[in-house]
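Visitor: Could you walk me through a few features of this model? I would like to learn how to read them.

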Amino acid sequence: MSETQPLEPALVDLAARFGDYLEAHMPDVTTADVEAMERIHGGASRETFRVKVHLRTDPTKPGEHRGLILRRDPVGSLIDTDRDVEFNAYRAFFDTTVPVPEALFLEMDTKWLDRPFFVMSEIPTGEAQSPFAPDPYGELAPKLGEQFWRHLGTISGADPHANGLADKMEAPALDACWQKELAYWEGVIDGDQLEPHPIARAAIRKLRRSPPPPAQKLSVIHGDYRIGNFMSDEQGDFTAVLDWEMCHLGDPLEDLAWALDPIWAATDPNVPASLINRDEGIALWEKSSGLKADPAALAWWELFSNVKGLGIWISSSHEYATGDNKDPILAFSGLFCTAKHNEIVAAKLLKSFEEAH
């Protein structure tokens with residue numbers, strides 16, 4: 001490893017150790033010089049670094065310059081996830097119509113970089129947009145909207161047995177998908193709340209009183225499919241669906257509901273992800289997945305998605321207040337997003353009460 005690369009002082013040691021790892025694990029590579037490394041901020045479940053590395057198989061020849069993404073477990077995070085879940089999801093969908101980066105290495109041994117991590121190829125084009133930007137896509141919104149819902153439909157319609165994920169993840173019974181997810185996020189709220197959350201508790205009681213029908217199929221659930229978690233280029237083409245760390249198997253309406261959540265619609269709740277009309281998006285999802293979005297079942301999952309969001313933001317507040325992770329996104333999520341989802345849930349509960357009386 002070269003010691004003269006233009007790196008931030010705080011990243012010099014990490015870059016050197018990462019280069020050592022690549023030399024030990026890439027066949028035929030004799031030297032792996034990290035030429036650049038930068039922290040990509042914005043995510044809160046893993047530390048993400050963009051890395052430029054010069055790989056040589058023969059010290060006398062120029063070698064190959066390659067872009068990689070390093071995703072390392074943080075000291076603390078907004079959500080607790082297993083890095084092998086995300087790694088396996090990328091493996092399952094690589095070389096399909098859903099664009100994802102190639103997953104290269106999954107490392108659990110902490111001797112290399114102090115914490116577990118995985119490595120994937122860098123997608124050279126495209127960027128992600130903020131969920132809270134007022135008009136992130138402009139005239140490209142219709143084109144991107146078609147891809148957004150079509151790709152989600154492809155994920156929902158995929159066979160987890162055929163792509164290998166059924167062998168790597170818990171497969172709940174079709175009538176137990178809702179129970180598993182609701183119990184998990186209620187547990188997150190129980191464990192991480194720093195103060196009472198009566199709106200979330202009222203929503204949980206309502207969800208338990210009126211459970212949804214069994215899932216129409218067992219689907220791969222991305223877990224966080226929304227604006228901000230996909231990359232697109234200047235021509236309006238998807239280049240990557242990212243951030244699969246909450247991937248699991250369950251009811252396909254769970255992903256659909258999360259993508260429809262009003263918190264991802266900066267200006268108009270009827271235009272989720274600031275892309276295209278809600279009804280048009282649902283129709284595209286149905287066509288691509290071969291599934292149906294039953295209105296009553298979807299309504300249950302939409303309220304659940306609000307509770308799930310509150311669970312994430314409550315966990316975020318807890319981590320920022322009591323943990324070692326002082327990333328500002330945790331504070332923002334804990335304050336702004338909690339208030340926003342409380343407002344959304346309260347309005348739904350009030351409407352439901354008024355309709356019942």
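Guide: Gladly! Helices, of at least four residues, and strands, of at least two, are DSSP runs numbered from the N terminus. Keep in mind that this is a predicted model.

Visitor: How is a pair of packed helices described?

Guide: Two packed helices are described by the angle between their axes and the distance between the axes. Here, take helix α5 (residues 198-209) and helix α9 (residues 328-356): their axes come within 10 Å and cross at roughly 45 degrees. Angles under 35 degrees count as roughly parallel and 65 to 115 as roughly perpendicular, and α5 and α9 are therefore oblique to each other.

Visitor: What is the handedness of the crossing of α5 and α9, and which residues make the contact?

Guide: The crossing of α5 and α9 is left-handed. On the α5 side, the contact is made by Ile 199, Ala 202, Ala 203 and Lys 206, and α9 brings Asn 342, Val 345, Ala 346, Leu 349 and Ser 352. Sorted by class, the contact of α5 with α9 has six nonpolar, two polar and one charged residues.

Visitor: And what should I look for in the backbone?

Guide: Most residues other than glycine have a negative phi. Asp 95 is not a glycine, yet has a positive phi of about 65 degrees. You will find Asp 95 in the loop between α2 (83-93) and β4 (103-107). Ser 274 also has a positive phi, near 55 degrees, and lies in the loop between α6 (252-260) and α7 (278-289).

Visitor: Is Asp 95 buried or exposed, and what about Ser 274?

Guide: Asp 95 is exposed, with a relative accessible area of 71%, whereas Ser 274 is buried, at 11%.

Key:
Residues are numbered from 1 along each chain as its sequence is written. This is a predicted model: local features need pLDDT of at least 70, side-chain atom pairs count only at pLDDT 80 or more; totals for chains, interfaces and linings use all residues. Side-chain values use heavy atoms; hydrogens and water are left out. Axes are lines fitted to C-alpha atoms, for helices over the stretch in contact, and angles run from 0 to 180 degrees between N-to-C directions. Angles under 35 degrees count as roughly parallel, over 145 as roughly antiparallel, 65 to 115 as roughly perpendicular and the rest as oblique. A crossing is left-handed if the near helix is turned anticlockwise from the far one by less than a right angle, and right-handed if clockwise. Contact means heavy atoms within 4.5 Å. Ala, Val, Leu, Ile, Met, Phe, Trp, Tyr, Cys and Pro count as nonpolar, Asp, Glu, Lys and Arg as charged, and the others, Gly among them, as polar. Buried means under 20% relative accessible area, exposed over 50%, partly exposed in between (1.4 Å probe, protein chains only).
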